[in-house]
Amino acid sequence: MQMNTMKMLRFSLIFMTWISASQLLRAEMADGVKAVVNDSVITYSQVEEFTAPAAEALRRQYANEPQAFQQKLNAALGDSLEQLVERQLILRSFIVDGYQLPETVVDQLVQERIRGKFGDDRVTFIKTLQAQGMTAEQFRKDVRDQYIVQALRQKNVSSEIVVSPYKIETYYLSHTNDFQIEDEIKLRMIVLNKISPDDTNTVHRAEEILAQIKRGATFSEMASIYSDGSQKSQGGDWGWVERSVLRKDLAETAFTLKPGEVSGVIDTPASAYLMLVEQTRPAHIKSLDDVREDIEKTLRTQQQAKLEKDWMDGLKKKTFIRYF
């Protein structure tokens, strides 16, 4: 019995290798091969297509840094290849583990996708597929595969994550340095932009606004009328800010003001500023209740990454993978 099992295993490996070599040969004739996962071939064009959105974003971000762009692009291509390999591992796992997805369910998923992206406009749907060089059957397969990958990830990773209150409290106690807050002030600010560095009219206008405030006009009202800052509609309200949030020349003045005190005119090459400190708050560590939700997200992400890695490692041990 054991001998028969070994013979069958060797036959399976030979058959798998023959299938892989056959597909590999066909792929090499049309495109560069990046990886083979069992009997599925991943080509360079597939990796490029998968990376296209990220590549475009990187191209804009590093438009004037060709070397940095190439480094980032190479990293993105490598990451895309790994994602495509993992996708094939999951799809193979779906088959090996005996799962099935009824065609009626696939029909429903396809209709939902068309309705969501094209509003049931099948003419636009067909034209879009043609523009992308994709057939309706390929679209259907993509929808099916995406659903399978998402469902198995949910089953093997997300559904197993439990973040207990104990874990949250333990993380908080061992990472208190991460939750330290500097001295803070509750700040309102009026910003008056200059037309040039030697523009004195803007400074004079700031002095006139300051005079109105001293005569009883509210700072928030003056900010709503005159400020060029992004918080104009909120009466110049910046909320609670730490020293590091402000420019050095503004912070040096703001953090010397007492609650209720208004600064003088702060003249800079680009703008003139007036500031009101409404409240102050000394440096402190955020309470557990304030950061509980953030800690839970962090721990959930960490557990998810570990479960994902363990799952993928297990699938890789059971699957033939070759990179090129």
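Which side chain does Glu 278 meet in a salt bridge? The partner is Arg 188, at 2.6 Å, N to O. A salt bridge here is a side-chain nitrogen of Lys or Arg within 4 Å of a carboxyl oxygen of Asp or Glu. The notes below start from the basis of the model and return to this pair.

1. Basis. This is a predicted model, in which local features need pLDDT of at least 70 and side-chain atom pairs count only at pLDDT 80 or more, while totals for chains, interfaces and linings use all residues. Residues are numbered from 1 along each chain as its sequence is written, and side-chain values use heavy atoms, with hydrogens and water left out.

2. Overall form. The protein has eleven helices and ten strands; helices (H or I, at least four residues) and strands (E, at least two) are DSSP runs, numbered from the N terminus. Along the principal axes, the C-alpha atoms fill a box of roughly 100 × 50 × 45 Å.

3. Of the 324 residues, 35% count as buried (buried is under 20% relative accessible area, exposed is over 50%, partly exposed is in between; 1.4 Å probe, protein chains only). Among contacts with a separation of 6 or more, 67% come from residues 24 or more positions apart; contact means heavy atoms within 4.5 Å.

4. Charges. The protein carries 42 positive and 46 negative charges, and their mean positions are 6 Å apart. Lys and Arg count as positive and Asp and Glu as negative, with His and the chain ends not counted; the place of a charge is NZ of Lys, CZ of Arg, CG of Asp or CD of Glu. The structure holds 19 salt bridges.

5. Strands β4 and β8. Returning to the opening pair, Glu 278 and Arg 188 form a salt bridge. This pair links distant parts of the chain, with Glu 278 in strand β8 and Arg 188 in strand β4, 90 residues apart. Glu 278 is partly exposed at 27% relative accessibility, whereas Arg 188 is buried at 15%. Another salt bridge joins Glu 184 and Arg 281 (2.9 Å, N to O). Here Glu 184 lies in strand β4 (residues 184-193) and Arg 281 in strand β8 (residues 271-281), 97 residues apart. Glu 184 is buried, at 8% relative accessibility; Arg 281 is partly exposed, at 33%.

6. Helix α2. Arg 59 and Glu 56 meet in a salt bridge of 3.1 Å, N to O. Both residues belong to helix α2 (residues 44-61) and are three residues apart, about one turn of the helix. Each is partly exposed: Arg 59 has a relative accessible area of 42%, and Glu 56 has 37%. Glu 56, Arg 59 and Arg 60 are linked in a network of salt bridges.

7. A buried charge without a partner. Glu 242, in strand β5 (residues 237-242), is buried yet has no salt bridge. Lys 286 is the nearest side chain of opposite charge, 6.6 Å away. Leaving aside neighbours within four places in sequence, Glu 242 is in contact with Ile 181, Glu 182, Asp 183, Glu 184 and Phe 255.
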